[in-house]
Amino acid sequence: MKTLKALIITSLLLLASMAVAEQKTTQGNYELHYNTFPSTFLSKEVANTYQIVRSKNRGIVSLSVLDKSQTPPTALEAEIKITAKNLLHQNKDIKLIKIIEENQAVYYLGIFAMNNQEDVHFNVSATPKGSDEQISVSFSREFFTD
């Protein structure tokens with residue numbers, strides 16, 4: 001079990017290092033971190049653990065909320081609302097998975113279908129558990145499958 005956890009953490013760290021830049025927005029004591037990537041970036045073991053289909057036509061949006069008033073900043077559960085549309089204003093159905101690990105990491109993975117050279121616009125709002133404060137961000141990504 002420790003090997004699987006180490007593999008998951010290593011895979012997620014690898015994904016983070018592959019990102020051009022970390023994406024985050026801050027409001028008050030909270031940070032909302034977000035990133036997107038093809039599901040093929042996940043290892044087979046991680047995909048199987050969370051029942052995620054690895055495919056060049058599936059994307060993932062990764063979200064996490066941190067309480068930066070804590071030292072070190074603490075990951076929080078949150079109520080996440082996410083919508084996504086392509087340039088033709090077609091809604092993208094996003095299946096959101098909450099992942100809580102024993103080391104107190106909390107993050108959310110949203111899985112969605114994507115097409116080659118598709119621009120997708122995301123709207124995300126997160127309300128940290130136990131707070132009335134809402135953090136919102138809008139961003140767009142172009143996805144390539146070939």
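Lys92 is buried, with a relative accessible area of 14% (buried is under 20%, exposed over 50% and partly exposed in between, using a 1.4 Å probe and protein chains only). This lysine sits in the loop between strand 5 and strand 6. The model is a predicted one, so local features are given for pLDDT of at least 70 and side-chain atom pairs for pLDDT 80 or more, whereas totals for chains, interfaces and linings use all residues. Residues are numbered from 1 along each chain as its sequence is written, and side-chain values use heavy atoms, with hydrogens and water left out.

What does the side chain of Lys92 reach? Setting aside neighbours within four places in sequence, the contacts of Lys92 include Ala84, Lys85, Met114, Asn115 and Val120 (contact means heavy atoms within 4.5 Å).

The count of salt bridges comes to four. One of them joins Lys98 to Glu77, where the closest N and O atoms are 2.8 Å apart. Lys98 belongs to strand 6 (residues 95-100) and Glu77 to the loop between strand 4 (74-76) and strand 5 (78-86), so here the tie is between parts 21 residues apart in sequence. Lys98 is partly exposed, at a relative accessible area of 45%, and Glu77 is partly exposed as well, at 26%. Lys81 and Glu79 also meet through their side chains in a salt bridge, at 3.7 Å from N to O. Are these two buried or partly exposed? Lys81 has a relative accessible area of 49% and is partly exposed; Glu79, at 48%, is partly exposed.

Now for the rings. A search of the whole structure turns up six aromatic pairs (rings of Phe, Tyr and Trp, the last by its six-membered ring, pair if their centres lie within 6.5 Å; planes under 30 degrees apart count as stacked, over 60 as edge-to-face and the rest as tilted). Phe122 and Phe139 make a stacked pair, with 4.9 Å from centre to centre and 20° between the planes. This pair links distant parts of the chain, with Phe122 in strand 8 (residues 118-128) and Phe139 in strand 9 (residues 135-143), 17 residues apart. Phe122 is buried at 0% relative accessibility, and Phe139 is buried with a relative accessible area of 5%. Phe122 has another partner in Phe143: the ring centres are 6.5 Å apart and the planes are at 75°, so this pair is edge-to-face. Phe143, like Phe139, is in strand 9, here 21 residues from Phe122 in strand 8. Both Phe122 and Phe143 are buried. Ring pairs bring Tyr34, Phe112, Phe122, Phe139 and Phe143 together into a cluster.

What about the chain as a whole? The protein chain has two helices and nine strands (DSSP runs numbered from the N terminus: helices are H or I with at least four residues, strands are E with at least two). Along the sequence, the pattern reads α-β-β-α-β-β-β-β-β-β-β. Of the 146 residues, 41% are buried. Among contacts with a separation of 6 or more, 59% are between residues 24 or more positions apart.

As for confidence, the average pLDDT is 87, and 85% of the residues score at least 70 (pLDDT is the predictor's confidence in each residue, from 0 to 100). Over residues 16-20 the pLDDT is below 50, and this stretch has two contacts in the model beyond near neighbours in sequence. Where pLDDT is low, the predicted coordinates should not be read in detail.
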